[in-house]
Amino acid sequence: MKRRLILALTLLTLAGCQRSRPPVSTGATAFGASIAAVSQETQVGRVGALLDRPLAVQVNDADGNGIAGARVEFTAIGGASVIPASGITGEDGQIATRVRLGDVSGRYSLVATTRDRAGKPLQAHFTTIALDYRQALGRELSEKHCARCHDERSTAERVSNHDNLRAPPHSFFDGTTLNKLPQSELLAIVAHGGAAVGRSPEMPPYAATLSASDIAAVLAYIRAIAGPT
Amino acid sequence: MNGLGMNLAKKIRALARFLFGSSAHAFGTLSVLLVLLLAIVPAKDRFREWLWYQNQYRRLIQDRPDATALEKRFQPGIQQIWLPDLSVTDRCPTCHVAMKEASLAGVSQPFRPHPPMPHSPTEFGCTVCHRGQGVATTVEEAHRSTKAWEQPILPERFLEAACGQCHEQPLPGTPQLNSGRSLLTRYGCVNCHKLVTPGGSTMQGADRPPSLRHISQKTTREWIYSWIRDPQAWASTATMPNFGLSDDDARDISGFIASQSTGDQLASMPGSVAGDSAIEQGLKLYGESFCASCHAMRNASGTIVGGNIGPELTRVGSKVKPEWLAAWLKNPAQYLPGTAMPHFRLSPKDLEQLTAFLGSKKDDPLLANVHLDPATPSQIAHGRKLVNEKGCAACHEINGVDHPENFAPDLTTVGSLPLARVLFAPGIARSLPDYLEAKIRNPRAFGKEMKMPRNDFSDAQVTSLVVALLAQTDRTEVRGKTQPAFTRNEFQPTGRAGQLFSDLHCLSCHSVNGTGGDLAPDLSWEGSSVRRAWLVDFLKNPNTLRPALIRRMPRFQLSENEANLLADYILSVFQTPAFVSDEIDESKLTTTEASRGKSLYYGKYACNSCHVLDAENDKGYIGPVLTQVGLRLNATWVFHWLKNAQALRPGSLELNWNMNDDDARAITAFLMQQKSSRKPGGPK
């Protein structure tokens with residue numbers, strides 16, 4: 001009986017020891033003075049999807065030049081995951097990771113951390129957005145009916161009409177403006193047009209063109225991506 | 001130890017004497033045991049998982065302002081949707097109690113309301129779309145995969161697969177499913193795999209792999225060798241997969257294919273040394289004919305520009321023989337009957353210039369290291385064996401090789417594939433979506449001898465393909481309930497105009513009554529909308545109406561006769577039954593109406609946000625240019641278009657303005673005044 005107890009205790013102690021083993025080498029050959037996101041774009045995808053473009057950061061020395069050999073760790077918060085979770089910056093001081101969004105819609109924060117020579121953590125923050133089915137449907141509808149004016153970026157397939165309008169349409173990412181509007185007003189603008197609510201008539205009424213549930217999907221999409229919430 | 005045991009035995013005996021010593025004692029003891037046993041059942045019931053969730057729900061709602069209403073609608077106990085004809089017994093609402101409570105949006109699962117959906121759960125249940133084990137009443141058994149129940153809940157990113165079980169036509173709400181299905185046809189997956197869609201039709205490839213019957217007229221054996229080694233090195237947009245062939249295998253296959261080619265060698269081109277000016281003129285012609293609407297080419301900055309209906313032309317000069325190219329451009333159907341390439345009416349001079357330009361798109365280093373000795377009979381025999389093994393004839397016509405039947409596994413019910421029948425490669429999670437994903441990404445990971453080749457799909461493409469495959473379930477009973485027999489409308493114009501239609505391949509881009517492509521406007525009611533003089537001019541020399549459009553109608557160099565023939569056909573056949581063409585008499589529209597129309601156009605309806613009518617001042621890029629709309633469209637069409645464009649062309653970007661007759665008449669009057677003969681000014 002006693003022998004067994006001692007054995008169990010020993011095993012427990014050993015298990016405890018595992019956690020406090022000496023730190024492994026981080027592989028870093030250089031240390032930066034600052035870290036910055038390469039692109040400030042907020043990427044949007046379906047829940048559980050791998051984002052189209054990798055998230056990239058650049059570690060800089062004190063003069064602001066990219067520095068090779070610095071170790072960067074990526075941490076995803078609340079259900080998203082990153083592949084790889086850490087790595088060493090390349091020649092240009094940059095390193096990128098792919099992000100898979102979590103299974104619940106909403107905003108996912110990601111942090112890239114590197115350490116300076118003194119061991120102090122330096123961080124760059126990212127936000128990514130996961131859309132549920134209805135929000136994603138809203139995005140499809142928005143791409144067809146809204147983005148030509150509301151997105152000022154032109155793509156190879158679509159020339160933006162944003163700059164041709166007298167009252168510049170709001171970007172759907174612009175939460176400062178859009179999230180101040182109550183749901184009923186946002187709905188009225190989309191359904192009955194700008195003129196009906198004392199805004200620009202350049203915003204046409206969609207009530208007869210899109211179904212009520214389609215309009216609700218577009219609003220769900222706008223609410224999902226407009227920030228700050 | 002022994003003493004202790006003796007003692008214990010003595011005590012047990014004493015206890016037994018006390019409990020069962022007399023019949024009265026025994027009765028009492030058994031009664032107590034019975035009560036205890038009976039208590040186990042309610043006690044166990046008390047701690048059921050679903051009951052815990054229902055209690056949680058009650059606690060969640062009790063502090064809310066609408067607590068009374070919520071409490072009233074809450075139904076305690078096991079809730080089940082039972083649909084015997086669909087074999088659905090879904091107890092999901094037992095825990096997901098608030099599926100219909102829109103006011104609870106934002107709370108965490110399992111109490112979040114279901115987003116609005118096109119079908120009622122009482123009609124289809126839950127598991128028809130979401131999968132999982134419907135009868136289970138524990139979280140683990142309902143959602144996860146167990147030995148007894150292999151289909152776990154479908155991760156949300158594949159959820160569109162549920163719609164594809166019944167719906168065959170592309171839905172606006174299922175972009176992934178639509179894209180996955182189009183990839184299955186565009187990359188020729190269905191040339192090898194049989195796949196019957198929910199509508200009951202067998203999916204046909206849309207990649208149009210070229211016939212190899214006369215390949216030696218078109219190109220050299222060296223090119224074939226180099227291409228089959230690595231198609232993407234020649235054209236990064238090529239849909240032919242990389243088979244990972246060894247040098248020897250590629251040598252033997254190219255030898256066999258070249259040996260099977262028949263047909264006379266074409267006469268070599270006279271004066272085939274083209275000058276720079278011819279190349280330059282050819283480039284201009286390439287642009288004017290809008291070849292890029294269908295063909296892609298890498299430009300000087302390395303970007304691939306153009307459509308994907310025809311092959312990429314970046315290195316076409318090193319691929320095809322110039323004499324073949326000239327013959328092809330003259331009349332493509334002569335070499336390849338059934339090709340999608342229109343018959344351009346090019347003059348001999350145009351032909352020479354276009355051939356010179358395309359011939360200059362060379363990349364000879366790709367062929368520099370290819371030196372093939374004439375193929376020996378044993379190499380050719382080995383090539384034939386490989387061609388049969390790899391299933392080349394599933395896509396390409398090859399003389400002397402039959403189209404293989406059932407070459408690859410049938411995918412009609414792959415979405416219900418039992419996991420027991422799946423051979424999992426190491427490192428792949430045991431679920432159907434994970435298996436399909438891994439198989440598409442790298443088929444040879446499942447064994448070097450696997451025949452399936454590898455395509456370099458992007459992550460989004462892989463997900464879309466998995467969605468399209470998961471939609472292929474064996475739940476036909478669900479389908480029968482919703483889907484009326486699907487009928488495809490095969491429209492084919494007849495007569496002399498019909499010949500022109502097929503010669504020019506109008507339906508590669510335009511659609512009529514549901515048949516045809518979606519690259520260009522629907523022509524179903526074109527005859528009700530346009531004026532004859534404008535149409536004849538446009539057919540002879542299509543100018544662009546929409547400044548923001550990238551793809552444009554090519555110039556076919558039609559003769560006066562051909563243009564008139566087509567215009568007559570379009571004007572008499574493509575008529576809408578929605579109105580009579582002389583409903584609005586243009587001569588009766590007044591100038592008062594027109595001036596009111598102008599203020600409505602620029603004011604209330606702000607049409608200038610999207611259309612350019614005054615080339616000097618208007619800037620809208622989205623809709624067609626309206627500077628000459630009075631010459632192009634007739635008044636009745638414009639009137640009805642303003643009232644409800646969606647009724648005339650569903651899905652058009654133009655809104656249903658739901659406009660009243662007076663406003664529509666006024667704006668029609670204003671638009672009919674726009675007959676300026678100046679050329680429309682595009683964006684500057």
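Modeller: Gladly. Let me start with B:Leu33, which is called partly exposed because its relative accessible area is 45%, and partly exposed covers what falls between buried (under 20% relative accessible area) and exposed (over 50%), with a 1.4 Å probe and protein chains only. B:Leu33 sits in helix α2 of chain B. Helices here are DSSP runs of H or I with at least four residues, strands are runs of E with at least two, and both are numbered from the N terminus.

Colleague: What should I know about the model itself?

Modeller: This is a predicted model, where local features need pLDDT of at least 70, side-chain atom pairs count only at pLDDT 80 or more, and totals for chains, interfaces and linings use all residues. Residues are numbered from 1 along each chain as its sequence is written, chains are lettered from A and ligands numbered from 1 in the order in which they are written, and side-chain values use heavy atoms, leaving out hydrogens and water.

Colleague: Why is the pair B:Arg251 and B:Asp248 called a salt bridge?

Modeller: The term asks for a side-chain nitrogen of Lys or Arg within 4 Å of a carboxyl oxygen of Asp or Glu, and here the N to O distance is 3.5 Å, so the pair qualifies. Both residues lie in helix α14 of chain B, three residues apart, about one turn of the helix. An α-helix has 3.6 residues a turn, so residues three or four places apart point the same way. B:Arg251, at 25% relative accessibility, counts as partly exposed, and so does B:Asp248 at 44%.

Colleague: What makes B:Arg555 and B:Glu288 a link between distant parts of the chain?

Modeller: Their closest N and O atoms are 3.8 Å apart in a salt bridge. The two residues are 267 residues apart, with B:Arg555 in the loop between α27 (532-540) and α28 (560-573) of chain B and B:Glu288 in helix α15 of chain B. B:Arg555 is partly exposed at 23%, and B:Glu288 is partly exposed at 31%. Over all chains, the whole structure has 36 salt bridges. One network of them links A:Arg98, B:Arg157, B:Glu437, B:Arg441 and B:Asp459.

Colleague: How do you know that the buried residues of α21(B) are on the same side?

Modeller: The buried residues are B:Gln379, B:Gly383, B:Leu386 and B:Val387. They cover an arc of only 100° around the axis, which puts them on the same side of α21(B); the arc is that of the directions from the helix axis to the C-beta atoms. They pack against α14 (247-260) of chain B. The face turned away from them carries the exposed residues B:Pro377 and B:Ser378.

Colleague: How does the reach of α21(B) compare with what is expected?

Modeller: Its 14 residues reach 20 Å from first C-alpha to last, close to the 20 Å expected. The expected span is 1.5 Å times one less than the number of residues. After the helix comes B:Gly391, whose phi is positive, near 75°.

Colleague: Is B:Ala606 buried or exposed?

Modeller: B:Ala606 is buried, because its relative accessible area of 4% is under 20%. Its phi is near 45°, a positive value in a residue other than glycine.

Colleague: And which residues is A:Lys144 in contact with?

Modeller: Leaving aside neighbours within four places in sequence, A:Lys144 is in contact with B:Gly651, B:Ser652 and B:Leu653, where contact means heavy atoms within 4.5 Å. A:Lys144 lies in helix α2 (residues 133-145) of chain A and is partly exposed at 32%.
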